[in-house]
Amino acid sequence: MAERREKIDENASKWRDVQRLLTRSGPYSHPDFEASPDTIDFLQETCRILVIGAGGLGCELLKDLALAGFGHLDVIDMDTIDVSNLNRQFLFRRSDVGKAKAVVAASFIEKRVPTTKVTAHFAKIQDFGADFYRQFHIIVCGLDAIVPRRWINGMLISLLRYDAVTNDVDPASIIPLVDGGTEGFKGNARLILPGMTACVDCTLDLYPPQVTYPLCTIAHTPRLPEHCIEYARILLWPQEGPFGADVTIDGDDPEHVNWIYSKALSRAKEYRISGVTYRLTQGVIKNIIPAVASTNAVIASICANEVFKIATSCCLPLNNYVMFNDTCGVYTHAFEVERKDDCLACSVRPQPLSFHETSTLQDVVDYLTGNVAYQMKAPSLTTVVKGKNKTLYMQTVEHIEKATRSNLKATLKELELDDGQEIVVADSTNPKALIFVLNYVTDMKY
């Protein structure tokens, strides 16, 4: 008893502000909140938080969560530190350039906040399976791309358990996802309770499309420095194969970036275009969005605040989306995003695919990649025909892609696909395969 009292007194000194929130209730407390010093023990000894991304948002998140009293953090990031990161990713120093972001960030946090243990994972989120993600109480994302957001969203949905009789979601299987995103002076944060609230795929149309440039402009009438860079990346690289015919461009490889930069600079001089720089070249190659440190700080603080509220029930959580804009003054707006009954990820029923029987398999692939509700990257399709598994088209394995490429020109009828046929689609945007049901229609209205 004396040891426990001594520990409480120590925490009272070190975590005075946190204690004020957790040892007394107030008008904004959650109905289930019970004021107790035991909650601080839960934060420091039991609760496990996974931070995905150790970049601009990730550094802020790790700092905020550690200073909020969380004792066990994990961080995943697949990138290494570049000089360009140092202006806003404050956990890194010039001597860290070339090292893994996750490892350096974890070490820095542990030195500055010794009460927090940070486990680093220098890897992709796709390198881990269900058992890894199931061990966390809350997952918070500081990502800069839609595909990994959709993947982790799909992973958490796949972990849900349902009541066999009512088909209701088992609350114990829900792992909350707090997601933040920034683009220049704009940002957003959202809370996702898989199976209960709107998920990432429910709101795909909220994400702006990636900036692209017409190929005819790139090839014949360039006007911007980006046009020159894309000319070198899209047209010259495949033609000349500077590092081998099958070598893909690596935006983190200085030799690759320098080659494209040199070619883009030559083309820019030919058309009297200024502004081609090494930094811009790498930004175009990697689709880097300009980052503002203050925006990262604001969005990360909102996300960390939501993680704290969920972990402790000290206050009602966000319901469920907040947008932030400080382009002209400071503007914020919170609102509830509603679930879509036919959401690709969180709907429990198969998705319909409505096509004419004379439509080709290429039409189906184009639909899955181009439709705003799906936005797949490289879908692979399989089905069962006359009791046997049949691969219709698979892009991820080279020899299978070659063997099934001819199917793209075939009609759905020629492929022996019947009305009501189930087609299984696998794609990098989701960790699990998705089931579609083919519906033959007479009129196509897309």
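This is a predicted model: local features need pLDDT of at least 70, side-chain atom pairs count only at pLDDT 80 or more; totals for chains, interfaces and linings use all residues.
View 1. Strand E1 covers residues 48-52, and its pairing with E2 is parallel, over five bridges. Strand E2 covers residues 72-77. Five of the six residues in E2 are buried, leaving the strand mostly covered.

**View 2. From E1 to E2 by way of helix H4.** Helix H4 spans residues 56-67. Together, E1, H4 and E2 form a β-α-β unit. The unit is right-handed.

**View 3. E2 meets strand E3.** Strand E3 runs over residues 117-122. E2 and E3 pair in the parallel sense, with six bridges. Here Asp 74 stands opposite Thr 119 in E3. Helix H5, residues 101-112, lies on the path of the chain from E2 to E3. This β-α-β crossover is right-handed.

**View 4. The largest nonpolar core.** Nonpolar side chains tend to be buried together in soluble globular proteins. The largest nonpolar core in this model holds 46 residues. Ile 49, Leu 65, Phe 70 and Val 140 have the most contacts inside it. Helix H12, residues 293-312, supplies the largest share of this core, seven residues.

**View 5. Around Ile 49.** Which residues is Ile 49 in contact with, leaving aside its neighbours within four places in sequence? They are Leu 65, Phe 70, His 72, Leu 73, Asp 74, Phe 136, Ile 138, Val 140 and Val 307.

Terms used: Residues are numbered from 1 along each chain as its sequence is written. Side-chain values use heavy atoms; hydrogens and water are left out. Buried means under 20% relative accessible area, exposed over 50%, partly exposed in between (1.4 Å probe, protein chains only). Helices (H or I, at least four residues) and strands (E, at least two) are DSSP runs, numbered from the N terminus. Two strands pair if DSSP finds at least two bridges between them. A crossover is right-handed if, with the strands pointing away from the viewer, the path from the first strand over the helix to the second runs clockwise. A nonpolar core is a set of buried Ala, Val, Leu, Ile, Met, Phe, Trp, Tyr and Cys residues joined through side-chain atoms within 4.5 Å. Contact means heavy atoms within 4.5 Å.
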